[in-house]
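My notes follow in the order in which I looked.

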There are 2 protein chains.
Amino acid sequence: MTEKGLLVVISGPSGAGKGTIVKALLQKDPKIRLSVSATTRPPRPGETNGREYYFISREEFEQMTRDGKMLETAEYCGNCYGTPAAPIEQWNSQGSDVILEIEVQGGANVRKTKPASVGIFLLPPSREELERRLKKRGTESGEVICKRLETAERELGEARNYDYTVVNDTVENAVEQICAILRAEKCRTARNAELLERMQKND
Amino acid sequence: MTEKGLLVVISGPSGAGKGTIVKALLQKDPKIRLSVSATTRPPRPGETNGREYYFISREEFEQMTRDGKMLETAEYCGNCYGTPAAPIEQWNSQGSDVILEIEVQGGANVRKTKPASVGIFLLPPSREELERRLKKRGTESGEVICKRLETAERELGEARNYDYTVVNDTVENAVEQICAILRAEKCRTARNAELLERMQKND
């Protein structure tokens, strides 16, 4: 079983419960690290710089992108999102799995530049529950909710680009599925070439 | 998560401990079924017809093969081995995972005819332990042991055709890895097209 950490891209439509699941996953396994994205969108109430996101200006964002310091960048609802590459590579080489909780558009880009990453698409328990969750968030106007429903529809179509689909029926269940996926992925033959070489070496 | 059972091909060099692991796996999860292979080789002491293998004559074997009732057939050390297809398909459609413990040659054939199967290659904890185990088996002559070592060497080269590589360091560990693999594989997006369709249906 490889000792190198995995880059785990967790995505899914708005309303799938990505944030809740990721928080529970980090609590269950404290060795897992969370990639913190950079964004140009203003912080929501309760969000702290460096915890949910690095909240940076568009100028800073563009400079980092030009310097090749972003693993991917994406625009979503008029704001820029990006993934700083350096911390992920450092943690992976130290053996830590790194979770990248990311919008579908950004996730698809990471999957391309990092084909060894593990893509997990999170689904709400049902269509009805997805709609209920999107309507329930109190911080945005009706127009924004409408745009969200449209976006969720489009995002669901992207699930096929992810290796795994996990249904968020209960937090416990979804977290256990993800832990099983991480464990299984470390046994992938493609990740264990060194181990096989050692076994075949006829000393 | 799909409710259809998986066909799980467990293979590996002689001496990897396939038999022990499979037995422990069946004890841990009684819902898992074991595919019983047919063979023309004579039973070893303690083996029972219909439990370890269906011990059949070469004539019977060839008839079943001609009738298309074998998922694969292979020859190994001068004996024929084959996998009856019908019970596997029946169990899978009933939602049971079916373990196929099989020699590397036969496993490779199943992987071709059943691309949705899950291939697990079992490894002994080390090169030294592999050799020790092959030499320890008391039932065969020196010549047979020598042939076995050669075969194991060739078989190790086939690991790359299997999705996963599990090291049999302890039985408990290896069984837990395999259980994680089965759980993860049921979340594969490719196995959950129906689920995604349901989610996208705008009723």
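I began with strand β1 (residues 7-11) of chain A, and found that β1 and β7(A) pair in the parallel sense over four bridges; strands here are DSSP runs (E, at least two residues) and helices are DSSP runs (H or I, at least four), numbered from the N terminus, and two strands pair if DSSP finds at least two bridges between them. Before going on I noted that this is a predicted model, in which local features need pLDDT of at least 70, side-chain atom pairs count only at pLDDT 80 or more, and totals for chains, interfaces and linings use all residues. Residues are numbered from 1 along each chain as its sequence is written, while chains are lettered from A and ligands numbered from 1 in the order in which they are written.

Which residue stands opposite V8(A) in β7(A)? I found I99(A) there, and I99(A) is also the bridge partner of L34(A).

Next I turned to the contact between the chains, which takes 28 residues from chain A and 29 residues from chain B, counting residues as in contact if their C-beta atoms, placed from the backbone, lie within 7 Å. On the side of chain A that touches chain B, the largest share, five residues, comes from α7(A).

I also checked how the copies are related: a rotation of 180° with 0.0 Å of shift along its axis superposes chain A on chain B, with an RMSD of 0.1 Å, by least squares on the C-alpha atoms of residues with pLDDT of at least 70 in both. The two copies are thus related as by a two-fold rotation axis. Of the residues of chain A, A180(A) comes closest to that axis, at 2.3 Å (C-alpha).

Last, I noted that chain A has eight helices and nine strands, and that 38% of its 203 residues count as buried.

How values were computed
Contact = placed C-beta atoms within 7 Å. Buried ≥ 20, exposed ≤ 12 C-beta atoms within 10 Å, placed from the backbone.
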